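Below is a short briefing for a reader new to this protein. Please look over the sequence and the structure before going on to the notes.

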Amino acid sequence: MTVFFRRTLCLVFLVLVAAPSGLAQTTRLSSVLDMAEFVDDWKISRQFTLDVANAMPADSYTFRPNPDEMTFGEQIVHIAIGNAFRFNQISGVQTPFPINLSKTPPSDKKSAIAMLEQSFDYVIAVLPQITPEELKRTWHIPSWKGRTDPGGRAMILNMFVHTAHHRAQCEVYLRAKGIKPPDYTF
């Protein structure tokens with residue numbers, strides 16, 4: 001039984017059980033996935049994101065589709081810094097590289113991929129160490145439009161989505177350069 005099929009089956013079961021009783025609207029799920037499943041998802045995201053990063057030739061890491069966009073390399077570094085920064089904020093565990101949000105680190109292919117690998121390894125190591133108290137804590141993040149006061153649970157889910165968002169932008173950059181992105185993996 002594939003992971004996708006198992007998750008779909010679980011979701012259908014939850015809907016069938018919760019919907020008739022009306023609990024779907026009033027009861028908050030403690031978790032959709034358990035920690036081991038979420039760590040596995042981060043491992044898959046790590047590999048897929050690295051595949052996307054590696055698909056772009058080194059001489060095109062400075063490519064941007066228009067002046068308002070980050071370069072491909074800056075997108076990769078942005079994913080890395082975002083993940084390390086937020087997981088450090090939640091857990092307090094030292095990041096694998098220094099983070100200075102006022103200074104842009106190198107975004108050449110070698111540097112960007114090294115930082116990306118380190119950030120994913122950090123997230124995968126830190127995630128199981130996050131305590132229930134850290135998951136419940138509320139954070140004030142004015143730049144997060146629509147949810148400026150997320151709890152730790154929302155933050156770690158948002159970072160998973162954030163990674164997918166910027167990885168998808170990188171896939172568009174690849175297409176703009178005439179490069180077929182790696183097949184979607186989840």
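In which helix of the protein is confidence lowest, and in which is it highest? The model is a predicted one. Confidence is lowest in helix H1 (residues 3-21), with a mean of 45, and highest in helix H5 (residues 109-126), at 98.

**Confidence**

- The protein has a mean pLDDT of 87, and 83% of its residues reach 70 or more.
- Over residues 8-25, pLDDT stays under 50, and for these residues the model has 4 contacts beyond four places in sequence.

**Helices H4 and H7**

- Helix H4 (residues 72-91) packs with helix H7 (residues 152-176) at an angle of about 175°, and their axes are 9 Å apart.
- Because of that angle, H4 is roughly antiparallel to H7.
- Among the residues that meet here are Phe72, Ile76, Ile79 and Phe87 in H4, and Met155, His162, Cys170 and Tyr173 in H7.
- The residues of the contact of H4 with H7 comprise 11 nonpolar, 10 polar and 2 charged.

**Helices H3 and H4**

- The axes of helix H3 (residues 35-55) and H4 cross at roughly 160° and come within 11 Å.
- H3 is therefore roughly antiparallel to H4.
- The crossing of H3 and H4 is left-handed.
- On the H3 side, Trp42, Thr49, Val52 and Ala53 make the contact; on the H4 side, Phe72, Ile76, Ile79, Asn83 and Phe87 do.
- The contact of H3 with H4 has 7 nonpolar residues, 2 polar and no charged.

How values were computed: Residues numbered from 1 in each chain as written. Predicted model: local features only at pLDDT ≥ 70, side-chain atom pairs only at ≥ 80, totals over all residues. Heavy atoms only, no water. Axes fitted to C-alpha atoms, helices over the stretch in contact; angles between N-to-C directions. Helix = DSSP H or I, 4+ residues; strand = E, 2+ residues; numbered from the N terminus. Parallel < 35°, antiparallel > 145°, perpendicular 65-115°, else oblique. Contact = heavy atoms within 4.5 Å. Nonpolar A, V, L, I, M, F, W, Y, C, P; charged D, E, K, R; others polar. Left-handed = near helix turned anticlockwise from the far one by under 90°. pLDDT = per-residue confidence, 0-100.
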